[in-house]
Amino acid sequence: MKKLSTLTVLLAAALSAPAAHGAATNDFVPTVEAKFYQMVYDNETEEYVTEVLIEVKFDEDVWWRSGFGQQCYVLDSDGNVYEDWQRNFYGAASDYTKFGFGIRGISQYEDADYTLVIPEDLLGNTKWNTNSYEVGRSNPELRYEFNVWELAGKPREDKTTYDFNPISDVYSIDEVTLSGGKTSYVFNLHLDFEEPVAIHKDFNTKSSVWDANDNYLQSAILEAKVSESNPNRVTICFKNVSLKIDADYKINISTGTFGTIEWNENEYCEGRSNTSLEYVVNPSKAETNGVSDVSIDNVDGPVFNLQGIEVDADNLPNGMYIRNGKKFIVK
């Protein structure tokens, strides 16, 4: 009877005592304010890593148990615990009702669903915190689903081989006749590749021109096009650069500006593309680079069409013509 009495007392005490995590009300549920993807610098690895950041807001100031992040976990789409990630959890310094859950290190190239799980009674309000987590309000189990690939904009992993560089280059000065019969000259850099070449759609942001003092020349507009007669050749055209002034210009072309047809068809993620390229040119000395001399001031002479028939130089429809042995275009 004594043993039974002791057991009864222990059971009664257990029923009246607070639960392991206290008797707080588990209704402290935040609203999600933002969920987004970003690349962040990891000081430990000294590399940039992926991060999905889930920002939430509670209706009161939020507190948390020491080391609570280690009790949180991520599930994969099959419901299995996913281990290969790092935590970056923090409270906002400017607003104590806000909290951020950062999930780092999950690949942005894999279309996969994940769930961040926050077990119950790890976050709570001020009353919960000041009363040793026994009263007040705390969180129920919280679950946040995310897909890194979708949040990152569904990117493709870059599998490009960067070895597709020009096998030769040559300069030329070409005569261009504009509407109204006005004639001008442009300086072109021709790059020849070993197979048909394509140009990145953002060529203008991937190329630049600099003077001999390393000043960026915004006015030296570059245009690039693949030759209609030779698909292995890219022609880069200068604009607003004097052909008479003896001056060096440096052309910088970023990695991933030119590539194979496969590279172009696969959204610049497969195939072959160029490494960083740099060319120093002097348009006033084009003839020293193996290009026949062109008189900048001489715009006289008969004009012929591509069939070798002389045509009226003062009344040229749009097309390509020849003057002084050089082709030019009327636009």
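A residue here is called buried under 20% relative accessible area, exposed over 50%, and partly exposed in between, using a 1.4 Å probe and protein chains only. By that scale Tyr-41, at 40% relative accessible area, is partly exposed. We return to its ring partner below.

First, the ground rules. This is a predicted model, where local features need pLDDT of at least 70 and side-chain atom pairs count only at pLDDT 80 or more, while totals for chains, interfaces and linings use all residues. Residues are numbered from 1 along each chain as its sequence is written, and side-chain values use heavy atoms, with hydrogens and water left out.

Confidence comes next. pLDDT is the predictor's confidence in each residue, from 0 to 100. The protein averages a pLDDT of 84, and 80% of the residues score at least 70. Over residues 1-21 the pLDDT is below 50, and this stretch has three contacts in the model beyond near neighbours in sequence. A contact means heavy atoms within 4.5 Å. Residues 287-299 also have a pLDDT below 50, but this stretch has 22 contacts beyond near neighbours in sequence.

Now the aromatic rings. Rings of Phe, Tyr and Trp (its six-membered ring) pair if their centres lie within 6.5 Å; planes under 30 degrees apart count as stacked, over 60 as edge-to-face and the rest as tilted. The whole structure holds 20 aromatic pairs. Tyr-48 is exposed, with a relative accessible area of 58%. Another pair joins Trp-64 and Phe-99: their ring centres are 5.0 Å apart and their planes stand at 70 degrees, so this pair is edge-to-face. It links distant parts of the chain, with Trp-64 in strand β3 (residues 63-64) and Phe-99 in strand β7 (residues 98-104), 35 residues apart. Helices (H or I, at least four residues) and strands (E, at least two) are DSSP runs, numbered from the N terminus. Trp-64 is partly exposed at 36% relative accessibility, whereas Phe-99 is buried at 3%. Both rings belong to one aromatic cluster, together with Phe-68, Trp-85, Phe-89, Phe-101 and Tyr-144.

Tyr-144 leads us to strand β10. This strand spans residues 142-146. Its covered face holds Leu-142, Tyr-144 and Phe-146. Its uncovered face holds Arg-143 and Glu-145. In a regular strand the side chains alternate between the two faces of the sheet. Strand β8 (residues 114-118) runs antiparallel to β10, and five bridges join them. Two strands pair if DSSP finds at least two bridges between them. In this pairing, Thr-115 has Glu-145 of β10 as its bridge partner.

Five bridges join β18 (residues 249-253) to its antiparallel partner β21. Here Asn-252 stands opposite Glu-278 in β21.

Loops deserve a look too. Pro-231 lies in the loop between β16 (222-226) and β17 (233-238). It is partly exposed, at 40% relative accessibility. Which residues does Pro-231 touch, not counting those up to four places away in sequence? They are Glu-195, Pro-196, Val-197 and Val-226. Val-197 is 34 residues from Pro-231 along the chain, yet their C-alpha atoms are separated by 6.3 Å.

Another loop, between α4 (261-265) and β20 (272-273), holds Glu-267. Tyr-268 is found in the loop between α4 and β20 as well. Glu-267 has a positive phi, near 55 degrees, in a residue other than glycine. Tyr-268 has a positive phi of about 65 degrees, although it is not a glycine. Tyr-268 is buried, with a relative accessible area of 19%.

Last, the cysteines. A disulfide is a pair of cysteine sulfur atoms within 2.5 Å, and the structure holds zero disulfides. Cys-72 is buried at 1% relative accessible area, and Cys-269 is buried at 9% relative accessibility.
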